[in-house]
Amino acid sequence: MALQARALVTSPWLAEAVKAQGKMRVLDASWYLPKLRRNAKSEFKKRHIPGAAFFDIDQCCDKTSPLDHMLPSEKIFADYVGNLGIGSDTHVVVYDASEFGAFSAPRVWWMFRVFGHGGVSLLNGGLRNWELEGRPVSDKCVRPAPTEFRASLNRSWIKSYEEILDNLETRRFQVVDARPAGRFRGLDPEPRDNTEPGHIPGSFSMPFHSFLSPSGHFLPKDQLQALFARAGVDLSCPLCVSCGSAVTACHVALAAHECGHPGVSVYDGGWSEWYTRAVPEHVISEGRGKHL
């Protein structure tokens, strides 16, 4: 039977699991928007959870695509994580160092799942809370022995531009956008050059940070369910999630998973692709043209 793990683990649980030295690998999956001018890898080298390795979403990706960090092939993913010492029987725990408590780590959680590895968890509260609780950090880099990882891509969990376009007519699935509300409405600028804000027609706005408490932890299940209900999203129906480049979209996927909806698909090209390819009437914006 394939390895399975709960989606969220706590800092106390991880602290004990690290001591046990079982088949587990901790990954720092930090990534920041370029305009923030933060270097996630350099920060990792200075401080990380002891024994953690760095997962770079800008390296483990399809480098032939003009879009940012699109999913890689099965072979590229398998080789990349195998070189991090992760096998198909390894329990992977991901976190990031953002002030939100979770920003990019849910993307890597979803990547493992879409490539067939159910043995992956997110550290609830991230490095932010790990440090607030007084737990140790390290600047020592560990070089694990490479191992074999078998990747099997679940293509039903990925949506293309053409499928999103077709869905405007068929309405076979709901589309939820995780960007902040101002960008969704077209009132606040996008962080990428030559891209205006707005949203896909008929999509729902659920900003990624709304799934997190002020402390940076994912909200409990009943509150997550209430969020989806208030947004008008039916968790009994098919669901696709999107954002700027399919990073924070994965907060929605994880939240839906916690609510018993594990098969959420991701629009991997996100708003970055949609804005570039869509006809003007398929870019819904209250502030069209004001940000370029």
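Is the crossing of helix 8 and helix 9 left-handed or right-handed? In this predicted model, the crossing of these two helices is left-handed, where left-handed says that the near helix is turned anticlockwise from the far one by less than a right angle, and right-handed that the turn is clockwise. The model is a prediction in which local features need pLDDT of at least 70 and side-chain atom pairs count only at pLDDT 80 or more, whereas totals for chains, interfaces and linings use all residues. Residues are numbered from 1 along each chain as its sequence is written, and side-chain values use heavy atoms, with hydrogens and water left out.

Helix 8 (residues 221–231) packs against helix 9 (residues 249–258) at an angle of about 120 degrees, the axes being 9 Å apart. Helices (H or I, at least four residues) and strands (E, at least two) are DSSP runs, numbered from the N terminus; axes are lines fitted to C-alpha atoms, for helices over the stretch in contact, and angles run from 0 to 180 degrees between N-to-C directions. Helix 8 and helix 9 are therefore oblique to each other (under 35 degrees is roughly parallel, over 145 roughly antiparallel, 65 to 115 roughly perpendicular, and the rest oblique). Lys221, Leu224 and Phe228 of helix 8 make the contact (heavy atoms within 4.5 Å) with Val252, Ala255, Ala256 and Glu258 of helix 9. By class, this contact of helix 8 with helix 9 has five nonpolar, no polar and two charged residues (Ala, Val, Leu, Ile, Met, Phe, Trp, Tyr, Cys and Pro count as nonpolar, Asp, Glu, Lys and Arg as charged, and the others, Gly among them, as polar).

Helix 9 also meets helix 4 (residues 105–114): their axes come within 8 Å and cross at roughly 65 degrees. Helix 4 and helix 9 are therefore roughly perpendicular to each other, and helix 4 passes helix 9 in a left-handed crossing. On the helix 4 side the contact is made by Pro106, Arg107, Trp109, Trp110 and Arg113, and on the helix 9 side by Cys250, His251, Ala253, Leu254 and His257. These residues divide into six nonpolar, two polar and two charged.

A further pair is helix 6 (residues 161–170) and helix 10 (residues 270–277), with axes that come within 11 Å and cross at roughly 70 degrees. That makes helix 6 roughly perpendicular to helix 10, and the crossing is right-handed. Tyr161, Glu162, Ile164, Leu165 and Leu168 in helix 6 meet Glu273, Trp274 and Arg277 in helix 10; five residues of this contact are nonpolar, none polar and three charged.

Turning to pockets, the largest pocket has a volume of about 310 Å³. Of the 15 residues that line this pocket, Lys41, Phe44, Phe54, Val142 and Arg143 are the closest to its centre. (On a 1 Å grid over the protein atoms alone, a cavity is a set of points where a 1.4 Å probe fits but cannot get out, and a pocket is an open set with protein on both sides within 12 Å along at least five of seven lines; lining residues have an atom within 4 Å of a point. Grid points are joined across faces, edges and corners, and a volume is the space filled by probe spheres set on the points.) Helix 2 gives the most to the lining, with three residues.
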